[in-house]
Protein chains: 2
Amino acid sequence: MEVENRKIVLKWFITGAPKETDMEVKEGDKIILQVPEEAKGAVLVKNLYLSCDPYMRGRMREYYESYIPPYQPGSVIEGFGVCKVIDSTDPNFTKGDLVSGMTGWEEYSLIRSTDKLRKITTTDLPLSYHLGLLGMPGFTAYAGFHEVCLPKKGDFVFVSAASGAVGQIVGQLAKLHGCYVVGSAGSKQKVELLKNKLSFDEAFNYKEESDLEATLKRYFPQGIDIYFDNVGGPMLDAALANMRVHGRIAVCGMVSQNSFSDMQGIHNLYTIVKNRVNIKGFLQSDYLHLYPKFLDCVEAYYKEGKITYIEDVSEGLESAPGALVGLFSGRNVGKQVVCVAKE
Amino acid sequence: MEVENRKIVLKWFITGAPKETDMEVKEGDKIILQVPEEAKGAVLVKNLYLSCDPYMRGRMREYYESYIPPYQPGSVIEGFGVCKVIDSTDPNFTKGDLVSGMTGWEEYSLIRSTDKLRKITTTDLPLSYHLGLLGMPGFTAYAGFHEVCLPKKGDFVFVSAASGAVGQIVGQLAKLHGCYVVGSAGSKQKVELLKNKLSFDEAFNYKEESDLEATLKRYFPQGIDIYFDNVGGPMLDAALANMRVHGRIAVCGMVSQNSFSDMQGIHNLYTIVKNRVNIKGFLQSDYLHLYPKFLDCVEAYYKEGKITYIEDVSEGLESAPGALVGLFSGRNVGKQVVCVAKE
Ligand SMILES: NC(=O)c1ccc[n+]([C@@H]2O[C@H](COP(=O)([O-])OP(=O)(O)OC[C@H]3O[C@@H](n4cnc5c(N)ncnc54)[C@H](OP(=O)(O)O)[C@@H]3O)[C@@H](O)[C@H]2O)c1
Ligand SMILES: NC(=O)c1ccc[n+]([C@@H]2O[C@H](COP(=O)([O-])OP(=O)(O)OC[C@H]3O[C@@H](n4cnc5c(N)ncnc54)[C@H](OP(=O)(O)O)[C@@H]3O)[C@@H](O)[C@H]2O)c1
């Protein structure tokens, strides 16, 4: 059966933050809902949920030295998704299976390398959670917090972009670990969520603060043991000035920095000598051996009501460019996903 | 017996780099060459060699949040020294003993807290080496390289201020560990020493380079595994852009940064995420349990001719302010010491 297959394509390489006009909906392409003859071990899927993640901005640049190659202008954007298998020539998957993994920003995708696809077996949690709580961002929080931050009970923990896909889990894991946790976020609504729904001890709106160094001193009069950095830039600088002796900074991402050529300077690095601070950049993909342990842990927490998850679901494939762009101005409240089809 | 005791005193707190005029020789003070009645467990010493170390600049500032308190204007400057015991009320020391430890920048000092004084037993190495190769800088190199850099055979190692007190030992230890080692220094003479006397594989004069990022790419086409950072600032920034995956940066000091209020911005920190780089500030004093092991190791290397040490000895107490100031413009060639008296 041949059907129409709408796609989101990148129009050109970008330099700064992505704009909606850097992408477009491409109509009119057709696809046969069957794995072609020549494709061995492939699956054809219907895309149900697509994930918007900050790293995708990096793939929109003409930059080949990354751990992941750039998108190609004119081609469909790739990202994590939750999909339903329609046809398969891979014995591990059969029609009707639900899977999560790398797919295209389109209605149907032919996935030729199936080795990283995960079959979804637990269906008592929302399907889209496989892009957030149970997916890459949740795993990033888990591995980053436990393996990179090396937390101890009673540690003073600071999380930036705290209401986001990764941050909200870091904060909750830290609370479950017996830490004192403060988060920063970019709106009053997010601050309320952090305090009332996501069990942070304190939270503040960084956009209303004029001196971040002083703000952090107010929230951490004794200093910070662990800073889980999602944003880089001025917040990282302010945290550096507030780190305790033997403090640890896990640098997860620098969402505040939109271009390599225009990075804001960090001025407080000198503090790391006197306070013997450890700053470690990490990628979740280095820890994938821990994924089964993570799933067990987080699913159990969720079912026991010890962890909650906030999502921002935008409706329709055509809403995907706007949803992605919104990450870089903080429009999303919680994990940003796009619902392409319900099933 | 009462004798004159000339001293070097700090005149006032400084803000930028120290100048000779920030210190003065104070003549006319007298001292009785005997531990006073009331002082239990003290020693009176004659100062033979005094050490000039970059951390002393930090003690000339009115800044109390450091691991070490500031000097007091009008009072004698303190620092590491090699001294001869003249009188003692501490049963662990007797007249004639040679010791190293914290003393005053003066001819004779009464040392009331003797617990950190080390007795010098090996006298077949130059006495002044207890301020360098066998002293705090040597130990800093040893602990920083082995405990913080976690070197592996074949690692590509970069050392800044490489001909200095710490740097020259880091480089030689790295070579003995089977690493490839490049050093930077601030003059042609220093570069020659690095290559011809201190067994570095390569060395360059950073003052002659206009684009440090490109310079490091030239010396490390495959990237840097370990950067032992003595200087901070633009060199740290350039190294960040050249780090390999899982690279390590040991931040030992930031001698290029003369004031807290005017730190140069670091712009390349984003690389630490994609390359999973670890940046660790450290203080040698956290590793003192390794001191005996260090002494055994380095003394043996020296006696076997596997390690060498370059000193810059300035003559006379009155030369001390100039010698200290010279550290911040790179006037010293090797470890800067001041000879106050031969014995
Ligand atoms: N290392 C890894 O393996 C790995 C894996 C996944 C994600 N990450 C990184 O983790 C970070 C968080 O990702 P996420 O998926 O959880 O995204 P997210 O937090 O759900 O969305 C991005 C958020 O960043 C904040 N933000 C945007 N521009 C900002 C700016 N200029 N200054 C400060 N905050 C800004 C916004 O929140 P506010 O309204 O609070 O400003 C926005 O909601 C990103 O840096 C991402 O690249 C790393
Ligand atoms: N963390 C610790 O426990 C610990 C212990 C000891 C020392 N340290 C640190 O280790 C570093 C080296 O100390 P050291 O005793 O071995 O000193 P040193 O290298 O013997 O003397 C300082 C050298 O720094 C270089 N320098 C001065 N100004 C500079 C600038 N603006 N830019 C670049 N280089 C500059 C000069 O060499 P060039 O001619 O090559 O420029 C100068 O000779 C210092 O940062 C010190 O604070 C740390």
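## Two domains in chain A

The bounds of a domain, as the word is used here, come from an automatic or database domain assignment. In this predicted model, such an assignment divides chain A into domain 1, which takes in residues 2-132 together with 311-339, and domain 2, which covers residues 136-285. Taken over C-alpha atoms, the centres of domain 1 of chain A and domain 2 of chain A are separated by 29 Å.

Which residues supply 30% of the area that domain 1 of chain A buries against domain 2 of chain A? The 30% is supplied by Arg57(A), Arg61(A) and Val333(A), which is more than any other three residues give on the side of domain 1 of chain A.

Between domain 1 of chain A and domain 2 of chain A the count of salt bridges is 0, whereas 5 residue pairs are in polar contact, with both residues of each pair at pLDDT 80 or more.

## Where chain B meets chain A

The model also has a contact between chains, to which chain B and chain A contribute 30 residues each. Chain B and chain A bury about 2,600 Å² between them, with 63% of that area on carbon and sulfur atoms. Across this interface there are 2 salt bridges, and one of them joins the side chains of Asp286(B) and Arg276(A), with a distance of 2.7 Å from N to O. The interface of chain B and chain A also holds 8 residue pairs in polar contact, both residues being at pLDDT 80 or more.

Which elements of chain B each supply at least two residues of the side that touches chain A? They are β14 (243-251), α7 (271-274) and β15 (278-281) of chain B, and β15(B) gives the most, with 4 residues. By class, the side of chain B that touches chain A consists of 17 nonpolar, 8 polar and 5 charged residues.

Strand β15 of chain A, made of residues 278-281, is joined to β15(B) by 3 bridges, and the two strands run antiparallel. Within this pairing, Ile279(A) stands opposite Ile279(B) in β15(B).

## Salt bridges in the whole model

Over all chains, the count comes to 42 salt bridges. An example in chain A is the pair Asp225(A) and Arg244(A), whose closest N and O atoms are 3.3 Å apart. Because Asp225(A) lies in strand β13 (residues 224-229) of chain A and Arg244(A) in strand β14 (residues 243-251) of chain A, this pair ties together parts that are 19 residues apart in sequence.

Definitions and conventions. Residues numbered from 1 in each chain as written. Chains lettered and ligands numbered in written order. Predicted model: local features only at pLDDT ≥ 70, side-chain atom pairs only at ≥ 80, totals over all residues. Heavy atoms only, no water. Buried area = accessible area lost by both parts, 1.4 Å probe. Salt bridge = Lys/Arg side-chain N within 4 Å of Asp/Glu carboxyl O. Polar contact = N/O pair within 3.5 Å; in protein donor to acceptor, adjacent residues only side chain to side chain. Contact = heavy atoms within 4.5 Å. Nonpolar A, V, L, I, M, F, W, Y, C, P; charged D, E, K, R; others polar. Pairing = 2+ DSSP bridges.
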